[in-house]
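Welcome! Take a look at the sequence and the model before reading on.

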Amino acid sequence: MSAPPELPPLVSAALSLSGRRGFVSSTRNETGRLLATLAASRTGTVGELGTGCGVGSAWLRSGVAEGTKIVTAESDPELAKAVAELFAADERIEVVEADWTALIERGPFSLLFVDAREAKLSARDVVAEVVEPGGFVVLDDFTPSAVWPPMYEGRVDTLRQEWLQDKRFTTVEVMVAPDAAVLLATRR
């Protein structure tokens with residue numbers, strides 16, 4: 001997969017924060033480039049469930065159009081504070097110190113990056129309610145699967161299967177690197 005090596009400055013700053021905090025599960029650059037591309041087509045409110053050190057939000061910010069707002073939730077108070085400081089100069093990014101469920105009332109979302117593990121596992125019904133028709137949902141951290149039903153570590157990956165078969169969405173698995181895939185869903 002080819003991509004320019006340069007990173008947007010805000011992404012670099014968020015990755016630096018990740019390194020300083022010892023946070024090893026930040027949004028991959030390949031996923032980030034997809035987020036930025038999708039965000040470029042969105043207006044209204046873009047959301048992220050699970051801020052971490054702000055890498056996903058920084059990628060979203062690198063793509064969003066003028067007038068689009070980003071709201072992200074992080075339950076760890078220290079992390080939320082550090083990321084809020086990182087984004088303090090940008091009025092278009094709001095960091096909420098709360099569990100991912102606190103963002104539900106902030107919808108509807110034109111794009112929702114579901115990055116919190118708990119949200120990935122249990123929030124499909126909630127997500128279907130808060131993403132506007134035609135809006136995107138992105139779930140990352142999947143290992144590519146070339147078979148049906150999708151498999152992971154010798155078992156059916158029921159999470160992936162449920163998203164791919166949910167009639168409320170049109171969903172596709174997109175390989176962003178040889179070892180990484182995301183699910184990209186569009187709300188019907």
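What follows is a tour of the overall build, the charges and a few salt bridges.

This is a predicted model. The protein has seven helices and nine strands, and 49% of its 188 residues count as buried. Its charged side chains form 15 salt bridges, and three of these pairs are described below.

**Overall build**

- The radius of gyration is 16 Å, close to the 16 Å that the globule rule gives for 188 residues, so the protein is as compact as a globular protein of that length.
- Along the principal axes, the C-alpha atoms fill a box of roughly 45 × 35 × 30 Å.
- Taking contacts between residues at least 6 apart in sequence, 63% join residues that are at least 24 apart.

**Surface and charge**

- The accessible surface comes to about 9,100 Å², and carbon and sulfur atoms account for 52% of it.
- There are 19 positive and 27 negative side chains, and the centres of these two sets lie 4 Å apart.

**Glu-94 and Arg-106**

- These two residues form a salt bridge, with 2.9 Å between the closest N and O atoms.
- Glu-94 belongs to strand E3 (residues 93-97), while Arg-106 sits in the loop between E3 and strand E4 (109-114), so the pair ties together parts that are 12 residues apart in sequence.
- Both ends are partly exposed: Glu-94 has a relative accessibility of 24%, and Arg-106 has 30%.

**Asp-141 and Lys-120**

- Here the closest N and O atoms of the salt bridge are 3.4 Å apart.
- Asp-141 is found in strand E5 (residues 131-142) and Lys-120 in helix H5 (residues 117-122), so this bridge ties together parts that are 21 residues apart in sequence.

- The side chains of Asp-166 and Arg-124 meet in a salt bridge of 2.7 Å, N to O.
- This pair links distant parts of the chain, 42 residues apart: Asp-166 is in the loop between helix H7 (158-165) and strand E8 (169-177), and Arg-124 is in helix H6 (residues 124-130).
- Asp-166 counts as buried because its relative accessible area is 10%, under the 20% cut-off.
- Which residues join this pair in one network? Salt bridges with shared partners connect Arg-124 and Asp-166 with Asp-125, Glu-162 and Arg-168.

How values were computed:
Residues numbered from 1 in each chain as written. Predicted model: local features only at pLDDT ≥ 70, side-chain atom pairs only at ≥ 80, totals over all residues. Heavy atoms only, no water. Salt bridge = Lys/Arg side-chain N within 4 Å of Asp/Glu carboxyl O. Helix = DSSP H or I, 4+ residues; strand = E, 2+ residues; numbered from the N terminus. Buried < 20%, exposed > 50% of the residue type's maximum accessible area, 1.4 Å probe, protein only. Rg over C-alpha atoms; globule rule 2.2 N^0.38 Å. Contact = heavy atoms within 4.5 Å. Areas by Shrake-Rupley, 256 points an atom, 1.4 Å probe, with all protein chains shown as cover. Lys, Arg positive; Asp, Glu negative; His and termini not counted. Charge placed at Lys NZ, Arg CZ, Asp CG, Glu CD.
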